[in-house]
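Good morning. Please have the sequence and the model open, and I will walk through a few parts of it.

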Amino acid sequence: MVRRPTEAGYEAAPNIALVKYWGVRDEDLGLPYNSSLSVTLNHLRSRTWVQFDPTLTEDRFLLGRDEQTDGPLRSVVEFLDEVRALGRFETHAFVRSENNFQTASGLASSASGFAALAGAASLAAGLKLSPPALSRLARLGSGSACRSLFGGFVEWRAGTRADGRDCFARPLFPARHWPGLVDLVALVKDAPTKPIRSAVAMQRTVATSPLYAQRLREVPRRIRAMKRAIAVRDAPALFDRTMEECDSFRSVCESTEPTLDYLVPASRRVLAEVRAANEENGTSVAGYTHDAGAHIHVFTTTTHSARLRRRLGAVPGVEKVLVLSPGPGGRPLRRWGR
Ligand code: ADP
């Protein structure tokens, strides 16, 4: 029992996977079949404040101005139960959070949201967690949240243990490692909301896609190649591997029964535009990727970003192009909103 109100705040940013997390070997613990690699982004963020308060009779969750019920509240309550089990207390909490970008639109608010919640709730509970332990905790809220705690380039090792103790993310290179790397996010008009939750969709892929086993065999080699490309800042190699991985992810989704098609025609036009730009330049000046959503992330370098941004902005069906870069990891907040 926490006897007096204790509170803490934390902020974290979304990440975009260059090697995707898709398919779990243990649904309760969220243990993936394959390791994944991501870039934590700047500018976008979730800020979360948690107050454990003995006068509350149930948990409350305010996202923006809206008191949450149903699914979003349930996920937060289940997550707080994990924190309470770790801290051996039962006190309910008031959780306030704000995303400075659109929630549930395919920009990974679940990753930044649960990373921020893990940071705030563990601090408010007085748990002194190591970075791996905090990452394991965040993973229980949303798989990719375990990567959003760290800045720059991050690897989430799948691990092999049944209890998941070796399944957490760790930073590979900080954001400043590659100052010229840019992520142009082409936001498409009328992006549909996800027809089914990713946690359910990915298990359908595992059960039905004839390409999934082959993908699992290829991923370790791709991660090694990507790490080498990032280490020496080899942009064309990184872009080629990123597109190859994205195409592999899309094929396992499309070959799932029933099929998973996350793109809209504008998304496909963006992919074609990137391929055309690479062809015209005789080398890869950009690499596309997308998650289980219709928006497309296009990695490029500062040399090409202004021209490419104009080009992507002119693609029919593209509403806006965000200019992002690798960004910092999660951090505690001293006061609400600061
Ligand atoms: P996205 O692409 O934005 O991750 P999802 O549909 O996968 O879209 O996840 C959105 C869900 O993540 C929300 O419905 C909510 O349950 C949860 N979520 C988003 N932001 C937060 C937050 N700041 N704190 C806690 N949970 C959040």
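How many salt bridges does the rule count? The count comes to 21. Bear in mind that this is a predicted model. In general, side chains of opposite charge can pair when their charged atoms come close.

Let me take one of these pairs. Glu11 and Arg47 form a salt bridge through their side chains, with 2.6 Å from N to O. Glu11 belongs to strand β1, residues 6-12, and Arg47 to strand β6, residues 46-52, so the pair ties together parts that are 36 residues apart in sequence.

Those two strands bring us to the sheet. β1 and β6 sit in an open sheet of six strands, whose order is β8-β7-β9-β6-β1-β16, with mixed pairing. At the edges are β8, residues 66-67, and β16, residues 331-333, each of which pairs on one side only. As a reminder, strands of a sheet pair through backbone hydrogen bonds, either parallel or antiparallel.

Now look at β7. Does it run parallel or antiparallel to β9? Strand β7, residues 60-63, and strand β9, residues 93-99, run parallel and are joined by four bridges. Within that pairing, Leu62 stands opposite Arg96 of β9, and Leu63 has Ser97 as its bridge partner in β9.

Next, the domains. The domain assignment divides the protein chain into domain 1, residues 7-174, and domain 2, residues 181-324. Their centres, taken over C-alpha atoms, are 24 Å apart.

What do the two domains share? Contact involves 29 residues of domain 1 and 37 residues of domain 2. About 2,800 Å² is buried between them, and carbon and sulfur atoms give 74% of that area. On the domain 1 side, Leu18, Lys20 and Trp22 lose the most area to domain 2, and together they make up 31% of what that side buries.

There are charged and polar links across the boundary as well. Two salt bridges are counted between domain 1 and domain 2. Elsewhere on our list of pairs, Lys227 forms a salt bridge with Glu155, where the closest N and O atoms are 3.0 Å apart. Ten residue pairs are in polar contact across the interface.

The largest share, five residues, comes from β2. By type, the residues on this side are 16 nonpolar, nine polar and four charged.

One last stop, at a loop. Where is Ile196 found? Ile196 is in the loop between β12, residues 181-188, and α5, residues 198-208. Setting aside neighbours within four places in sequence, Ile196 is in contact with Ala201, Arg204 and Leu260. Ile196 and Leu260 are 64 residues apart in sequence, while their C-alpha atoms are 9.4 Å apart in space.

That is the end of the walk-through. Thank you.

Definitions and conventions
Residues are numbered from 1 along each chain as its sequence is written. This is a predicted model: local features need pLDDT of at least 70, side-chain atom pairs count only at pLDDT 80 or more; totals for chains, interfaces and linings use all residues. Side-chain values use heavy atoms; hydrogens and water are left out. Domain bounds come from an automatic or database domain assignment. Contact means heavy atoms within 4.5 Å. Buried area is the accessible area (1.4 Å probe) that two parts lose on being put together, summed over both. A salt bridge is a side-chain nitrogen of Lys or Arg within 4 Å of a carboxyl oxygen of Asp or Glu. A polar contact is a pair of N or O atoms within 3.5 Å; within protein, one must be able to donate a hydrogen and the other to accept it, and residues adjacent in sequence count only if both atoms are side-chain atoms. Ala, Val, Leu, Ile, Met, Phe, Trp, Tyr, Cys and Pro count as nonpolar, Asp, Glu, Lys and Arg as charged, and the others, Gly among them, as polar. Two strands pair if DSSP finds at least two bridges between them.
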